[in-house]
Amino acid sequence: MSKFMKVAAASVAAAAALTSLAACSSGSDKAADDKGSVYYLSFKPEQDAIWQEVAKAYTAETGVEVKVVTAASGTYEQTLKSEIAKSDAPTLFQINGPIGLKNWKDYTADLTDTDFAKALLDPSMAVTADGKVYGVPYVVEGYGIIYNQKIMDAYFALDGAKAKSMDEVTNFETLKAVADDMQAKKDQLGIDGVFASTSLKPGEDWRWQTHLADLPVYFEYQDNKVDDMTDLTFSHNEEFKNIFDLYLTDSTIDPKLASSKAVTDSMAEFALGKAAMVQNGNWAYGQIAEVAGNTVAAEDVKMLPIYTGREGEDKQGLNIGTENFFSINSQASEADQKASIDFVNWLISSEKGKKFMVEDLGFIPPFNTFTEAEQPTDPLAKEVIRYMSDTEKETVPWVFTTFPSQTFKDDFGAALSQYAAGQMDWDKVVELFKTEWKAEKGA
């Protein structure tokens, strides 16, 4: 993963290409009726306002109309299915990896010869089939356990603390010892609980049924030396249970209330200093910094790998990858396809587009058109970059892009919610995971 940081050398070679690339994006040499238009169906509700500003800026600069519609949380596939059938369908949309390509192959244009596909620092990150590129990642992201350094330092200063600093928290055993002790001393620390509430409200449970589940699935892939499996046994379910139980027991809320909580509830608890830790990714910094009454200073926002009790996890890094791949609608008009390609080229090549990508959207872009100085500076993005650059840490890649379907993830999330409420035994949760995985992947 460290190759993403090797942008400085590439930037010199890429600089000469930027002028022509940006000019291509401007559409200035096209007649007004040949410009086409862009309809981008966006993925993350928390970024909608920024994408609306991006659209306005591009239209003001080029005269090309850009419409941005953002799907509600947890409804992207459903929204895309509805929108793609309309006469005014999205021209630019997202697939979430190989499974997404399989679902949308009839609507994904060949992007092999586009400038933004050629600008990838790591071409292997693209979603391909038969040697052709159909999905291009536009951001590298990372997630783990976000923590408040100020609260942790207050704990380490207490008599009998189970560790002296976060440097000692390199495995699940130590994390649990620290978290359990902090939970017992929460009144002394002025917190409601160690971990912010586990959001298991339907549509808000993706941090567990997708992101947390990434770890045991990746571990099983590694055991079998494969990158996908039809018959997954969920052999590392105990590791998942270890950390999930810790989130539930050392929490700001009773586990029975988890099914009513949203991600924003969880992030607000962290931002207001009611919790010391929360599982989420670098994209969530805005949800911390922009909460009214936020008490967490930027310099105190840090990130820890998700430890589960797996052997050798002291060398484990963050979960780093992407599920954000741009695809162009192959069924759109030629003019609209070109307009959409030009728009993406502008995002990764023009000064204004790159500023939006890094400073406003907070992306860590995987393109050689960004110099080292053009990487994001918010604290969580810096944490991801730090872990990516640490040669002693082994990144956990995002394999949840191989999960069978959104239905599978939703059903798993519902089972986790029942488990948290004491309404389902863990072995039933495991059985559901295995059975539905096999039923869908083996079909």
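## Salt bridges

Begin with Lys86, which is partly exposed, with a relative accessible area of 44%. This is a predicted model, and every stop on the tour should be read that way. Lys86 and Glu83 form a salt bridge, in which the closest N and O atoms are 2.6 Å apart. Glu83 is buried, at a relative accessible area of 13%, because buried means under 20%.

Next, select Lys441 and Asp228. Their side chains meet in a salt bridge, at 2.9 Å from N to O. Lys441 lies in helix α18 and Asp228 in the loop between α10 and α11 (237–249), so this pair ties together parts that are 213 residues apart in sequence. Lys441 is buried, with 18% relative accessible area, whereas Asp228 is partly exposed, with 34%.

For another pair, select helix α14, residues 334–349, and show the side chains of Asp342 and Lys338. Both residues lie in this helix, four residues apart, which is about one turn of the helix. Their side chains meet in a salt bridge of 3.1 Å, N to O. Asp342 is buried at 2% relative accessible area, while Lys338 counts as partly exposed at 39%. To look for others, note that the count comes to 13 salt bridges.

## The largest pocket

Which residues lie nearest the centre of the largest pocket? Select Phe43, Gly74, Thr75, Tyr76 and Gln406: these five are nearest, out of 41 residues that line the pocket. Its volume is about 940 Å³.

Now colour the elements that contribute to the lining. α3 (76–84), β3 (92–95), α4 (98–104), α9 (206–212), α12 (263–271) and α17 (406–420) each supply at least two of the lining residues. By class, the lining of the largest pocket has 13 nonpolar, 18 polar and 10 charged residues.

## The second largest pocket

Move on to the second largest pocket, which holds about 780 Å³ of space. Select Pro98, Trp398, Val399, Thr401 and Thr402, the closest to its centre among the 32 residues that line it.

Which element gives the most to this lining? Select α4: this helix gives the most to the lining of the second largest pocket, with four residues. α4, α10 (214–224), β10 (316–321) and α18 (426–441) each supply at least two residues. The lining of the second largest pocket divides into 17 nonpolar, nine polar and six charged residues.

Select Gly413, in helix α17. Is Gly413 buried or exposed? At 1% relative accessibility, Gly413 counts as buried. Apart from neighbours within four places in sequence, Gly413 is in contact with Leu200, Asp205 and Gln209. Then use the distance tool between the C-alpha atoms of Gly413 and Ser259: they are 9.8 Å apart in space, and the two residues are 154 apart in sequence.

Turn to strand β6, residues 141–148, where Asn148 is found. Asn148 is buried, with a relative accessible area of 4%. Show Phe270, Ala276, Val296 and Asp300 as well; Asn148 is in contact with these residues, leaving aside its neighbours within four places in sequence.

Most residues other than glycine have a negative phi. The next two selections have a positive one.

Select Asp130, in the loop between β4 (127–129) and β5 (132–137). Phi of Asp130 is near 55 degrees, a positive value. Asp130 is exposed, with a relative accessible area of 77%.

Now select Phe234, in the loop between α10 and α11. Phi of Phe234 is also positive, near 55 degrees. Is Phe234 buried or exposed? Phe234 is buried, with a relative accessible area of 1%.

## Confidence

Finally, colour the chain by pLDDT. The mean pLDDT of the chain is 91, and 92% of its residues reach 70 or more. Select residues 1–32, where pLDDT stays under 50. The model has 51 contacts beyond four places in sequence for residues 1–32. Where pLDDT is low, the predicted coordinates should not be read in detail.

Notes. Residues numbered from 1 in each chain as written. Predicted model: local features only at pLDDT ≥ 70, side-chain atom pairs only at ≥ 80, totals over all residues. Heavy atoms only, no water. 1 Å grid on protein atoms, 1.4 Å probe; cavity = no way out; pocket = protein on both sides within 12 Å on 5 of 7 lines; lining within 4 Å. Points joined across faces, edges and corners; volume = space filled by probe spheres on them. Nonpolar A, V, L, I, M, F, W, Y, C, P; charged D, E, K, R; others polar. Buried < 20%, exposed > 50% of the residue type's maximum accessible area, 1.4 Å probe, protein only. Contact = heavy atoms within 4.5 Å. Salt bridge = Lys/Arg side-chain N within 4 Å of Asp/Glu carboxyl O. pLDDT = per-residue confidence, 0-100.
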